[in-house]
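Subject: Structure for you to look at

Dear colleague,

I am handing over the structure we talked about, with the sequence alongside it. Please open it first, and then read the notes below with it in view.

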Amino acid sequence: MKKVSLEEELKGNDYPGRGIVIGKSPDGKKAVTAYFIMGRSENSRNRVFVEDGEGIRTQAFDESKVEDPSLIIYAPVRVRGIDTIVTNGDQTDTIYDEMEKGKSFQQALMTREFEPDAPNYTPRISGIMRVNKGSFDYALSILKSHNGDPSGCDRFTYHYQNPTAGEGYFIHTYMGDGNPLPSYEGDPTLVSIDDDISAFTDKIWNSLNADNKVSLFVRYIDIETGKYDTKIVNKNER
């Protein structure tokens, strides 16, 4: 698979929707993830990311403008011991809770499917990073309707063991703008990762469509110690 520029990939798509990137820094020392959200409606754009313990949650920027919180208010990131879970919906909680019961990441997601937001049937995208005293591996998942038909759910899980330094994989919800919105197609995209968290954060944020971008979360985790640095950017600043 050819590695592409994440910057160019984002600039070439006005509406990738919500996206997850996971990979390893070029120096091989950091496990890296990024998660962004975009919005077309006032309800979707009326959000910010806020820290919540070791994770984050979405929060309404203006409570008086909230129309339907069911698909926009959730915890995109939760940490469970050595695992960091990143998703685009409340399946974050499903993964966390089912793993507490001894289930795997993939088994947990067998209980869920795409979002019930007809006619888009937005895919549920999820990732998990396992960082444990010098070792790092991760997985990505997408649950999507069968070519827009909600009677079927297509499930894909990708596991990455001993990731290559300087590389990551990017998955998102939509191929572009449209009505209905076209679901992501194909395998996760191989992209380059930066050493510096600030530079990587700026690259992603500045590459997202200015009208549609809402919030961005980036985290670099030291693979040896588990300590991490986090950046959050919100278009709606308080």
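In this model, which is a predicted one, a polar atom of the serine 207 side chain lies 2.6 Å from the backbone oxygen of lysine 203. Serine 207 belongs to helix α5, which covers residues 197–207, and if residues up to four places away in sequence are not counted, serine 207 touches Glu7, Leu10 and Lys11. With a relative accessible area of 4%, serine 207 counts as buried, because that value is under 20%. Aspartate 202 is also found in helix α5, but aspartate 202 is partly exposed, its relative accessible area being 44%. From aspartate 202 to lysine 231 the C-alpha to C-alpha distance is 9.9 Å, while the two are 29 residues apart in sequence.

The next residue to look at is glutamate 115, which sits in the loop between α4 (105–109) and β7 (124–132). Is glutamate 115 buried or exposed? Glutamate 115 is buried, with a relative accessible area of 1%. Once its neighbours within four places in sequence are left aside, glutamate 115 is in contact with Arg18, Leu71, Asn88, Tyr121, Thr122 and Arg124. Glutamate 8, by comparison, lies 28 Å from glutamate 115, C-alpha to C-alpha, and the two are 107 residues apart in sequence.

Glutamate 115 also takes part in lining the largest cavity, together with Ser70, Leu71, Tyr74, Asn88, Gly89, Asp90 and Arg124. The volume of this cavity is about 40 Å³, and the count of cavities of 30 Å³ or more comes to 1. By class, the residues lining the largest cavity are 2 nonpolar, 3 polar and 3 charged.

The largest pocket is a separate matter, and about 400 Å³ of space lies in it. Of the 18 residues that line this pocket, Arg18, Ser41, Ser44, Ile72 and Asp117 lie nearest its centre. The lining of the largest pocket divides into 6 nonpolar, 6 polar and 6 charged residues.

As background, nonpolar side chains tend to be buried together in soluble globular proteins.

Finally, helix α3 (residues 91–100) is mostly covered, with 7 of its 10 residues buried. The buried residues of α3 are Gln91, Thr92, Thr94, Ile95, Tyr96, Glu98 and Met99, and what covers them includes β5 (77–80), β6 (83–87), α4 and β7. Just after α3, glycine 102 takes a positive phi of about 100 degrees.

With best wishes

Conventions:
Residues are numbered from 1 along each chain as its sequence is written. This is a predicted model: local features need pLDDT of at least 70, side-chain atom pairs count only at pLDDT 80 or more; totals for chains, interfaces and linings use all residues. Side-chain values use heavy atoms; hydrogens and water are left out. Helices (H or I, at least four residues) and strands (E, at least two) are DSSP runs, numbered from the N terminus. Buried means under 20% relative accessible area, exposed over 50%, partly exposed in between (1.4 Å probe, protein chains only). Contact means heavy atoms within 4.5 Å. On a 1 Å grid over the protein atoms alone, a cavity is a set of points where a 1.4 Å probe fits but cannot get out, and a pocket is an open set with protein on both sides within 12 Å along at least five of seven lines; lining residues have an atom within 4 Å of a point. Grid points are joined across faces, edges and corners, and a volume is the space filled by probe spheres set on the points. Ala, Val, Leu, Ile, Met, Phe, Trp, Tyr, Cys and Pro count as nonpolar, Asp, Glu, Lys and Arg as charged, and the others, Gly among them, as polar. A polar contact is a pair of N or O atoms within 3.5 Å; within protein, one must be able to donate a hydrogen and the other to accept it, and residues adjacent in sequence count only if both atoms are side-chain atoms.
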